[in-house]
Amino acid sequence: MGFFDAFRDPPAPAQYGPQYTPVTSDVLLVGLAVGAAIVLLVALVVSLGERSVLTGVGFVLKVTVGVAVTLAILVCIFDPHWKRSSTTTSFQYKAHEKREIRAEVEVRIGLRGLNVTLKGSPVNQLNETIDYNERFSWAWNQGRLGFGPYAGRISREFRSSQYRGIPLPIQWVVEYFTLDGEQIRWGRAHREAGYFTHIALWTAFAQWTLTLILFRLVVPLLGAVSLALTGALLLLANIVYSAMSASPETELAIPMGSTTLDFAYGRSFWTTMTTGIVCLLVALVVIVMHFRFPRQLAKLLNRSVQDIDGGTNLAASQESLVAQPAEVVSMDDIENGGSFPRFRRMTSAGLSFRTPRRKPSVLGEVRTPRYLPKPSYVNITVYQDLLKSKGRSEER
């Protein structure tokens, strides 16, 4: 026997059967979580290079809120946890087997379908490992009655699972969502609720993307309004799902052995509601700071005051400067010893023009200030004409 022939069945290599394992995690959700963690880590590293602590904290806060809301919306779209129920009881495991098993059954309903988990207690019973997780989808057509090629997707997947021989408890649960007649339409109700909630969430995601653009490129006040619309759409998704899937006609309760599977709202439902409320509160805070504390909001968002108020105050001040005529010193005032007109004090968009407090110097009979503020509102040519006229009078 050679070195590589150990534990093999001659004359061919040993053959091993397939090793089926239950689903332990959702690859899509794990990928979204890892991507969000990478973005937050990069934002934290970049914030260490900011000169101001407030600027760094504001940058991390903006990135955290943006990633959190994005992740929450995407997870709620794909995560099958809008409704859930679980129970542990004894029931028949498979056909033509009178012996019962004791196991836990957990049902999680999402927007696109449902997951059914069956796990034995203990796992090894009847010389088998009882640990199953099956996913069934109903996206999105209802289809015809029955289980033929033109039936709905969940009906066709249910018939396929029967051919594969999945345990009876899982078939029992899924069959409730394939019935569509008389007033037994739980599958139709949850499919339609998931469809319209799905539309509301994707609309909220598009609105959230627009919110990020408005906060970055346009006036933050418009971004706050867009953020409020995002929160309203998220809350609308909750209302639509609750109204279409939890009415008295579509209330679902599945008997399992000696107990019943009574469904309650899951983490995706509450995450959507929480995110919507948070978006509305943050939008309200930004709107209040825009009108009451614009400078603090500018520092927090790393923007200038002109960007916060959209430049309206600056434009108004420029219009007033253009409309204001230049102040001219008349000869009568100078000959009569009149004082030089003081400069107006103007404040606009952080600019202040003040009249010098010190007394002006005297050049002959012409009074001139020691310095001129910028921009000057005095017609400088008046000084030149006055000086020339003074020189001519002395020559005479």
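A disulfide is a pair of cysteine sulfur atoms within 2.5 Å. By that criterion, the structure before you, which is a predicted model, holds 0 disulfides. Cys-76 counts as buried because its relative accessibility is 3%, and Cys-279 counts as buried at 2%.

Which residues of helix 1 are buried? They are Leu-29, Ala-36, Ala-43 and Ser-47. Seen down the helix axis, these buried residues fall within an arc of 55 degrees, so they line one face of helix 1. On the face of helix 1 turned away from the buried side, we find the exposed residues Val-27, Leu-41 and Val-45.

My last topic is the aromatic residues. The structure holds 11 aromatic pairs. One of them joins Trp-172 and Tyr-176 edge-to-face, with 5.8 Å from centre to centre and 70 degrees between the planes. Trp-172 is partly exposed, at a relative accessible area of 39%, whereas Tyr-176 is buried, at 15%. Tyr-265 and Trp-270 also form an edge-to-face pair, with centres 6.1 Å apart and planes at 90 degrees. Here Tyr-265 counts as partly exposed at 25% relative accessibility, and Trp-270 counts as partly exposed at 43%. Both residues belong to one aromatic cluster, formed by Trp-82, Tyr-241, Tyr-265, Phe-269 and Trp-270.

How values were computed: Residues are numbered from 1 along each chain as its sequence is written. This is a predicted model: local features need pLDDT of at least 70, side-chain atom pairs count only at pLDDT 80 or more; totals for chains, interfaces and linings use all residues. Side-chain values use heavy atoms; hydrogens and water are left out. Buried means under 20% relative accessible area, exposed over 50%, partly exposed in between (1.4 Å probe, protein chains only). Helices (H or I, at least four residues) and strands (E, at least two) are DSSP runs, numbered from the N terminus. The arc is that of the directions from the helix axis to the C-beta atoms. Rings of Phe, Tyr and Trp (its six-membered ring) pair if their centres lie within 6.5 Å; planes under 30 degrees apart count as stacked, over 60 as edge-to-face and the rest as tilted.
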